[in-house]
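This briefing covers a nonpolar core and the packing of a helix pair. Please read it alongside the structure shown here.

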Amino acid sequence: MPRSASTDEHGSAAGSSRFPAGVDVAIVGSGPAGAAYARVLSELAPALRVAVFEVGPLVSDPPGAHVKNIADDERRASAQRASEGPLPLAGGVPSNTMDGYASDQRRLQRPGTFLLEKGWRQEGEDGLPAGAMSSNVGGMGAHWTGACPRPGDSEVIPFVSEMPVLLAEAERLLGVSAEVLADAPFADEVRKRLSGALDHDRAADRQVQPMPLAVRRARDGGLLWSGTDVVFGDVTWGNSRFSLHPQALVTRVLLHEDGGAVRGVRVRDRRTETEHDVTARYVVVAADSLRTPQLLHASDVRPPALGRYLNDQPQVVYAVRMRDLPDGPAARGSVGVTPSSGVTWVPFTDTHPFHGQVMQLDTSPVQLADDDSRPGAIVGLGWFCAKDLQADDRVTFRDDEQDGYGMPAMQIHYRLTEADHAAIKNARADILRAAAALGEPLDDTPPLVFPAGASLHYQGTVRMGATDDGTSVCDPASQVWGVRGLFVAGNGVIPTATACNPTLTSVALAVGGARSIASAEADH
């Protein structure tokens, strides 16, 4: 583990707090967005004392590293169980997240995540049966697929003019490359066939292309998934004024008496079940799209839009066997991802409102057939739809009932509209057209529609707005309206309906928020 002195993994003396009495910036959550704040502040404002509080444990080395990079199956499974919060999966569950991926389970649960125990659906509504979270250092960034496409057309946030610059910076922090897997076996053949079928009316930058991925090449030549350890980066680990505190549940954001500014956080040490107040001039809540509004609610910060506009991306999957393939190379195995894991991107456009993710081999969403020995021959297709945004789709919180962490219990209110059902129908037709260009179906099973919540791409619950008109929670710099020094981060900040993977966008918005803090400190 690099710079272990920056974490408090060894605890503290009996009767004393392992947390600092005061910091300049307290960050709640150690996922990609929280890590981006720590990284940018370490680079631009290294004099600031920055502390990250994470409810979950350390599960990987270095802190936040992707668990798929753990070579040993037993250790990888142990890291996944430790990330599953109060509702871990049973022992013996395969550690490969692609096992059972294309499942028709009503409440689909991925290894490394845990489902809402209750409150996930209200009577007469669709709910989020597959709504899930992770609790560990690195958050979902230690379990994700690494896909980092840029948003396009109506996915783009119209009032953040510097978004292209912020996206480029997010790509730097995440270590994004579109080239690392571009030469996987038959990846060029996949792109050629899809391009011939789908690119005739697309702008050049929205045509079929290799998927930008947060994947890096290790010193031994192998390929590794980027976790939040990459986002934190050496500059953060080397910052003597930075500290990371696992198993630290922030139960309340502390405000000045008039409620107009932050003064710190209240933290429960989950090792000792004791609570401690930590003063801070800035608080960044980067939990996730369900727990960030939960903490604001628990802190009596309750703007009208809090928890509203909740949206998940309806997802359709299918698979084919490539036809008439040329001779190809054999696969090479390695830890993490292999060079044969081709991933192709079919970008979202307003004319073709689906984000397509076309995957081969170990990233395939389907079980490979026993007779398929040629790497790259089986191709899984995933089509994601943008949700029809509704203010009534929301997460609310009960003050008379608590969840597994002792926080206000969640209640999900969520419906698929007629527009959503039409989009899913069109996605099923569109994915069949793309599949027909590639090869033949594995069997006569139609495209599978995952249960709501399965994308794990929840957005909108602390959404950003251009003005404080009651439809947003924070301003374009991610600062909560009317509460000086309180920032929110993560996918919940994204205000637009997106179909593409949201992590790159949420990290870009975190970069903008962190820069605004650094700028304010420079002016001060």
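**Nonpolar cores**

Val283 touches Ala26, Val28, Val253, Val262, Gly264, Val265, Gly485, Leu486 and Phe487, leaving aside residues up to four places away in sequence. The model is a predicted one.

- Val283 is, with Phe53 and Trp383, among the residues with the most contacts inside the largest nonpolar core, which has 124 residues.
- Helix α8, residues 503–523, contributes the most to this core, giving nine residues.
- Another core, of ten residues, lies apart from it and includes Ala147, Met211, Leu213 and Met359.
- In soluble globular proteins, nonpolar side chains tend to be buried together.

**Helix α1**

- Eleven of the 13 residues of α1 are buried, so the helix is largely enclosed by the rest of the structure.
- The buried residues of α1 are Pro32, Ala33, Gly34, Ala35, Ala36, Tyr37, Ala38, Arg39, Val40, Leu41 and Ser42.
- At 1.5 Å a residue, α1 with its 13 residues should span 18 Å, and its end C-alpha atoms are 18 Å apart, which agrees.

**Packing of α1 with α3**

- Helix α1 (residues 32–44) packs against helix α3 (residues 163–174) at an angle of about 100°, and their axes are 11 Å apart.
- Angles of 65 to 115 degrees count as roughly perpendicular, and α1 and α3 are therefore roughly perpendicular to each other.
- On the α1 side the contact involves Ala36, Arg39, Val40 and Glu43, which meet Glu169, Arg172 and Leu173 in α3.
- The residues of this contact comprise three nonpolar, no polar and four charged.

Notes:
Residues numbered from 1 in each chain as written. Predicted model: local features only at pLDDT ≥ 70, side-chain atom pairs only at ≥ 80, totals over all residues. Heavy atoms only, no water. Axes fitted to C-alpha atoms, helices over the stretch in contact; angles between N-to-C directions. Helix = DSSP H or I, 4+ residues; strand = E, 2+ residues; numbered from the N terminus. Parallel < 35°, antiparallel > 145°, perpendicular 65-115°, else oblique. Contact = heavy atoms within 4.5 Å. Nonpolar A, V, L, I, M, F, W, Y, C, P; charged D, E, K, R; others polar. Core = buried A, V, L, I, M, F, W, Y, C linked by side-chain atoms within 4.5 Å. Buried < 20%, exposed > 50% of the residue type's maximum accessible area, 1.4 Å probe, protein only. Expected span 1.5 Å × (residues − 1).
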